[in-house]
Amino acid sequence: MLNVLIGALIALTTTLAHAGTIETDAGEVRVDPMITGLDTPWAVDFLPGGAFLVTERDGDLLYVANGTAAKVVGVPMVRASGQGGLLDVMVPRDFATSREVFLTYSKPQGGGAGTALASGRLNAAGTALTNVRTLFEATDGGGAGRHFGSRVIEARDGTLLISVGDRGQSALAQDLGAYNGKIVRINRDGSVPADNPFAGVPGALPEIWSLGHRNPQGMGLDAQGRVWTSEHGARGGDEVNLIRKGRNYGWPIISYGKHYSGKRIGEGTSKPGLEQPQHYWDPSIAPSGLMVYSGRLWPEWRGDIFVGALKFDYISRLDGAPLREVEQIKGAETERVRDIVEAPDGSIWFISVGQGAIYRLSPAG
């Protein structure tokens, strides 16, 4: 067993010797692998002091420090089936004092699974989570293995926002009595904020913040504290949405995509009372992680939205009003980009599922 563990650690050792480059509108950028040998990586976030955490969909949380990765014990049990498993990881702003880490995952529920959020305390060695508890669970998730969401972000006011996909049951995205197809908002202890839009509404689940979503796999904050999501459409109609309290984003009543059969979805592309996307793609790019860039290393990119494309193997950069895709950042490393984040130093890190690796973008030279 010891030899197996050592072998795993060696296989996951960071390989900083290699550095490629990609040409972008901001000039040449350097691409460095930060860790390789990953098995279906899903999310990455940063710890103080230079270490970072990575999730693998089959259920492993990895602590990476000084070029070596080790598995963290104490991670909740997941149902790793289809698109489900261990999904997002989020390190809150107060980690240095709280030691808390947040994980989203597909929680086993009888014969199925539901999107869930758990918290735990990471020990000083980075080897174990303790005091692990479930803060939120989308009950009655069903047996489908798709459309779990699933991102968690810390809002400016300290509340947590979690994206939940429709689980393949599109009509439930309009049902305030179901978590499917919603963005939910909770306090750090799992309680419901009193100012949630549907708190106290008869028949409505009080955690719901917005509704009418299909499968939001990217979520991030901009400099103003606003929430943005990237969402999978069906055949076409992938979206970037600006999330506002209590708003309805239309799925499956309106969409810019079509059913996979080619038939029209719902009632068309717009309807009074339903929100329009800030941007949509047709054909679909299968968007995943989303990040709004600060401009720290590339001032010309300040405020731009970066979205990973799983389908066409690139990073989409969006800018302007109206928002539009202005650049496709693409290289051998951008194979099925699952997550994209800004590091504390302003560099841009992304997960390549196809390469089983995490890469860092920085200015060349």
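**Exercise 1.** Which residue in β12 is the bridge partner of V152?

*Solution.* In this predicted model, begin with the strands themselves: β11 covers residues 152-154 and pairs with β12 in the antiparallel sense, over three bridges. Within that pairing, V152 has I162 of β12 as its bridge partner. The two strands form a hairpin with five residues between them, where G158 takes a positive phi near 90°.

**Exercise 2.** Determine how the side chains of β12 are arranged, and whether its residues are buried or exposed.

*Solution.* In a regular strand, side chains alternate between the two faces of the sheet. Applied to β12, L160, I162 and V164 point one way, while L161 and S163 point the other way. To judge burial, take the cut-off of under 20% relative accessible area; five of the five residues in β12 (residues 160-164) are buried, and the strand is therefore largely enclosed by the rest of the structure.

**Exercise 3.** Follow the chain from β12 to β13, and describe the pairing of these strands and the setting of S170 in the loop between them.

*Solution.* Strand β13, which spans residues 182-186, runs antiparallel to β12 and is joined to it by five bridges; in one of these pairs, S163 has I183 of β13 as its bridge partner. In the loop between the two strands lies S170, whose relative accessible area of 27% makes it partly exposed. Leaving aside residues up to four places away in sequence, S170 touches W251 and P252. By contrast, S119 lies 51 residues from S170 in sequence and 29 Å away in space, taken from C-alpha to C-alpha.

Conventions. Residues numbered from 1 in each chain as written. Predicted model: local features only at pLDDT ≥ 70, side-chain atom pairs only at ≥ 80, totals over all residues. Heavy atoms only, no water. Buried < 20%, exposed > 50% of the residue type's maximum accessible area, 1.4 Å probe, protein only. Helix = DSSP H or I, 4+ residues; strand = E, 2+ residues; numbered from the N terminus. Pairing = 2+ DSSP bridges. Contact = heavy atoms within 4.5 Å.
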